[in-house]
Amino acid sequence: AKMRVGLLFGGCSGEHEVSIRSAQAIAKALSTGANADKYEVLPVHISKEGHWLMGEVAQQVLASGTPLQLATSDPAASLHSPASAAATLEAAQQSPLNRLPILKQAAAIDIWFPILHGPNGEDGTIQGLLQLMQVPFVGSGVLGSAMGMDKLAMKMAFAQAGLPQVKYVAVTRAEVWSNPCVFPKLCDRIEAELGYPCFVKPANLGSSVGISKVRSRDELEKALDSAASYDRRLIVEAGVTAREVECAVLGNDQAKASVVGEISFHSDFYDYETKYSAGQAELTIPADLPEQLTRQIQAMALQAFQAVDAAGISRVDFFYLEQTGEILINEINTMPGFTATSMYPMLWQASGVDFPELVDRLVQLGLERTAP
Ligand code: ADP
Ligand code: MG
Ligand code: MG
């Protein structure tokens, strides 16, 4: 019998659309060539509102690539989606908390592939649910996912592993919002410790959502206020002028690192628009780097993978300061973008693992990790 892969995609996150595109590519890879004889794909869609949808509706979202839109005021009349009227109504009636019926329907699934990016998906929440359900799944478990999502926790793990990184200041929402006496002191401290430019980020997000590059006190104050609306935990980092290079990791306890790739772009930094608009960023694979630096980056990627207890898949991102020759780790992404033109699969392609084989390996690694 074929193995049934529950492809979980969409999600309550700013990276909903990216997830749909990643899921399309993975579904295609699982239903072509040798994979078609091995796997059957069961798409499970999580709408932006948090509704879980299986069957025809999920198939349609996957086929059309369009997010499901429910006009919550009048669910019966809302049909801005590819879904049928009945399915839309059913979805609207499902409370986000009332997910058990669908999870029972999903009992036939042999392994889950949570191709969800950002909060409520890449952060350990879904992984905890799947772990409780005692079904194997692709990628990192609860700890690795949570550590990889929270930039403060991630940096503590990296520091402990001796990985060099940019200087940063940890900030809480309370410091930004609660006390008018605390805020100016916080800004003074950031200016003294980091200077300008610096980067203000919500700790738990991805795709550059909520991130600002700031060059003055005024911009710093606004950026902190804005980032605080995304997350209770914030981080401010010293800005570096550097090349951005990335390395893909595949495996569990004996994980391997791919060739190194580079991202170049003309915008001020690698923001959301640059990431997801066609033609705004260029990938160079392999990156034009001295052999010894490439090896250093690969070793650091594997160390980072272990430091946060990642499993199966991760993309580790670095800053290369050409003038000093320093490599600083920026972050790990435990469920990186996975479209046919995304960095992660392209790095493996260049390392001799093509897209369908990569997806097959990830499913097998998920089974291996959760084997009794
Ligand atoms: P995300 O998890 O959303 O991708 P990142 O921390 O990778 O967040 O930041 C997104 C982008 O912002 C980076 O790819 C880089 O272009 C820029 N950036 C972030 N931090 C710094 C920094 N400290 N110095 C220079 N550029 C940075
Ligand atoms: Mg990230
Ligand atoms: Mg990033």
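Q: With which side chain does the side chain of E262 make a polar contact?

A: In this predicted model, the partner is the side chain of R243, at 2.7 Å. E262 itself is found in strand β10, residues 256-265.

Q: Is E262 buried or exposed?

A: Buried means under 20% relative accessible area. E262 has 10% relative accessibility, so E262 counts as buried. Leaving aside residues up to four places away in sequence, E262 touches R243, E244, V245, E282, L283, T284, A287, D288 and M343.

Q: M343 belongs to helix α14; which residues of α14 are buried?

A: An α-helix has 3.6 residues a turn, so residues three or four places apart point the same way. In α14, residues 343-350, the buried ones are M343, Y344, P345, L347 and W348. They pack against β9 (243-251), β10, β11 (281-284), β12 (312-321) and α15 (355-370). After α14 comes G352, with a positive phi near 95 degrees.

Q: Which residues touch the most other members of the largest nonpolar core?

A: In soluble globular proteins, nonpolar side chains tend to be buried together. Here the largest nonpolar core has 39 residues, and F113, I115, F338, Y344 and L362 touch the most other members. Elements giving two or more residues to this core include β9, α14 and α15. The largest share, seven residues, comes from α1. Domain 1 (3-137) and domain 2 (149-164 + 241-370) each supply at least three residues to this core.

Q: What does Y344 touch?

A: Not counting residues up to four places away in sequence, its contacts include A248, V249, L250, F338, L358 and L362. Another core, of 27 residues, lies apart from the largest one, with L289, L293, A301 and F305 among its members.

Notes: Residues numbered from 1 in each chain as written. Chains lettered and ligands numbered in written order. Predicted model: local features only at pLDDT ≥ 70, side-chain atom pairs only at ≥ 80, totals over all residues. Heavy atoms only, no water. Helix = DSSP H or I, 4+ residues; strand = E, 2+ residues; numbered from the N terminus. Buried < 20%, exposed > 50% of the residue type's maximum accessible area, 1.4 Å probe, protein only. Polar contact = N/O pair within 3.5 Å; in protein donor to acceptor, adjacent residues only side chain to side chain. Contact = heavy atoms within 4.5 Å. Core = buried A, V, L, I, M, F, W, Y, C linked by side-chain atoms within 4.5 Å. Domains from an automatic or database assignment.
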